[in-house]
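Hi everyone, thanks for making the time this morning. Let me put the sequence and the model up on the screen, and then we can walk through it together.

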Amino acid sequence: MTMPPPVRVAVMGSTGSIGVSTLDVLARHPDRYRVFALTAHRNATRLGEQCLTHRPTFAVVDAATDATALQQQLRSAGVATQVLYGSDALTHIAAHAQVDVVMAAIVGAAGLQSTLAAAQAGKRILLANKEALVMSGPLFMQAVREGGATLIPVDSEHNAIFQCLVGDRSAAASQGVKRVLLTASGGPFLRTPSAALHSVTPDQACAHPRWVMGRKISVDSATLMNKGLELIEACLLFGLPAAQVEVVVHPQSIVHSLVEYCDGSMLAQLGNPDMRVPIAHALGWPDRIHSGVESLDIVRAGSLEFEAPDLERFPCLQLARAAAVAGGTAPAVLNAANEVAVGAFLDRRLAFVEIARIIGTVLQQHHAGASGLMPSAVSLEDVLKADQWARRQALVAISLAAGAVA
Ligand code: NAD
Ligand code: MG
């Protein structure tokens, strides 16, 4: 029997946490996949190492100077990779005719254009970059439909739900789904009293008890904004109203999410908390391929606990739910204000508890019409304008914040 040609994969954001896990899974299946392109922002050293191992056709960095240095390094090592730079190179790669699969693992709004380009070009998209979907919402889903793309969620909760659904996954409500339950680990501050949250540091926020992730998503997990973004992500991916998406805290992170059907059946997907599981699932689907993750020892795991989230200590969840219900450009505003506030917290310019307050302030201004943007049919231009407006407003609010860290 002849083997089919290898599937060509572009790993966008290959130097990040998801990118590295993706390369780990790909390397286990050299006959099945070929790494076509790798992209990074500033970490040209790690990208260079990855190029030596995986020998992609293209590599992309942000700065021209990094590209020149990397090109020279690879040439002298006898590697034929062509190094490109800048954001246009990212969209060029994501839509490249020779790419079959795009792993969208750039963090934040910076991944929007390339992920959208992959959708328009009809690629199979493995979606980790939830911010791109959250901010562009129905526009993104329309690009997927019109471009003939296949969208497979990599976010562990959504990948779990995808696995628990059958039939048309983009219309779960018409498939007898009553609700979906997104599980949340609760993050590092699950049991931290309100008063102590004022003085937590970036390193404490990034010390996640179950998952090792990039710093931005780690802070999002600590504020529960990650679950808020995931709520919006679930509405979009599965065609559900926000009222049918619930969040439940599950500190063990063994059950990755649940789907309840109208007959009372509840289906869940379980596994060790290792992103190589959803990555391997998304790569292989509908086949199953090895991920390198050891079996879950369900006896050792012992008891699985579930509890309601504390919305007072973690107001971000409600802010996201409100943005999901408002629709239009509200999710883009929420996402942008969050990115700016999280960045300020990581730079020690903002206290942890101020993150939610800044986002709330910017959203309120948006709802009050201050941005001049709240159309029901949202174009890409509206999304980008809302993103820029919210970033400016968040910066103003941060400079005024009484809780700014000295
Ligand atoms: P990370 O910070 O570890 O990596 C981010 C990657 O994006 C890096 O390769 C970086 O070079 C690149 N990048 C950053 N800014 C860029 C820019 N302006 N232009 C181009 N490239 C840029 O992040 P991560 O934890 O791997 O997360 C990536 C995405 O996956 C995020 O959207 C996150 O929410 C999502 N996600 C991550 C996990 C996880 O376990 N890490 C789980 C679920 C979803
Ligand atoms: Mg997740």
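Ser-185 counts as buried, because its relative accessibility is 12%, and buried here means under 20% relative accessible area, with exposed over 50% and partly exposed in between, using a 1.4 Å probe and protein chains only. Before going on, a word on the source: this is a predicted model, where local features need pLDDT of at least 70, side-chain atom pairs count only at pLDDT 80 or more, and totals for chains, interfaces and linings use all residues. Residues are numbered from 1 along each chain as its sequence is written, chains are lettered from A and ligands numbered from 1 in the order in which they are written, and side-chain values use heavy atoms, with hydrogens and water left out.

Back to our serine. Ser-185 sits in the loop between strand E8 (177-184) and helix H8 (194-197); helices (H or I, at least four residues) and strands (E, at least two) are DSSP runs, numbered from the N terminus. Which side chain makes a polar contact with the side chain of Ser-185? It is that of His-208, at 3.0 Å. By polar contact I mean a pair of N or O atoms within 3.5 Å; within protein, one must be able to donate a hydrogen and the other to accept it, and residues adjacent in sequence count only if both atoms are side-chain atoms. A polar atom of the Ser-185 side chain also lies 3.0 Å from the backbone nitrogen of Gly-187. Setting aside residues up to four places away in sequence, Ser-185 touches Leu-190, His-208, Arg-210, Val-249, His-250, Pro-251 and Ser-253, where contact means heavy atoms within 4.5 Å.

Move along to Gly-186, found in the loop between E8 and H8. Gly-186 counts as buried, since its relative accessibility is 3%. Its contacts, leaving aside neighbours within four places in sequence, are Ser-221, Leu-224 and Val-249. Gly-186 and Pro-251 are 65 residues apart in sequence, yet their C-alpha atoms are 6.2 Å apart in space.

Now for some backbone geometry. Most residues other than glycine have a negative phi, and most peptide bonds are trans. Leu-224, in the loop between helix H10 (215-223) and helix H11 (225-238), has phi near 75°, and Leu-224 is buried, with a relative accessible area of 4%. Ser-253 has a positive phi of about 50°; Ser-253 lies in the loop between strand E9 (245-249) and strand E10 (255-261), and counts as buried at 6% relative accessibility. And where is the cis peptide bond? Look from Trp-285 to Pro-286, with omega near 5°. Pro-286 is in the loop between helix H12 (276-284) and helix H13 (298-301).

On to the ligand. How many residues surround ligand 1? There are 22, and the closest are Thr-15, Ser-17, His-41, Glu-131 and Gly-214; a residue is near a molecule if one of its heavy atoms lies within 4 Å of it. The shell divides into eleven nonpolar, eight polar and three charged residues, with Ala, Val, Leu, Ile, Met, Phe, Trp, Tyr, Cys and Pro taken as nonpolar, Asp, Glu, Lys and Arg as charged, and the others, Gly among them, as polar. Helix H1 (17-27) and helix H6 (130-147) each supply at least two residues of that shell.

Why does ligand 1 lie between domain 1 (7-153) and domain 2 (157-325)? Because both domains give residues to the shell around ligand 1; the bounds come from an automatic or database domain assignment. Taken alone, ligand 1 exposes 820 Å², and the protein buries 85% of that, with areas from the Shrake-Rupley method and a 1.4 Å probe; for residues, only the protein chains shown count as cover.

Last stop, domain 3 (327-406). Ten residues of domain 1 are in contact with eleven residues of domain 3, and the C-alpha centres of these two domains lie 28 Å apart. Please have a look at Asp-387 too, in helix H17 (residues 380-400). Asp-387 counts as buried, as its relative accessibility is 5%, and Asp-387 touches Ala-109, Met-135 and Ala-336, not counting residues up to four places away in sequence.
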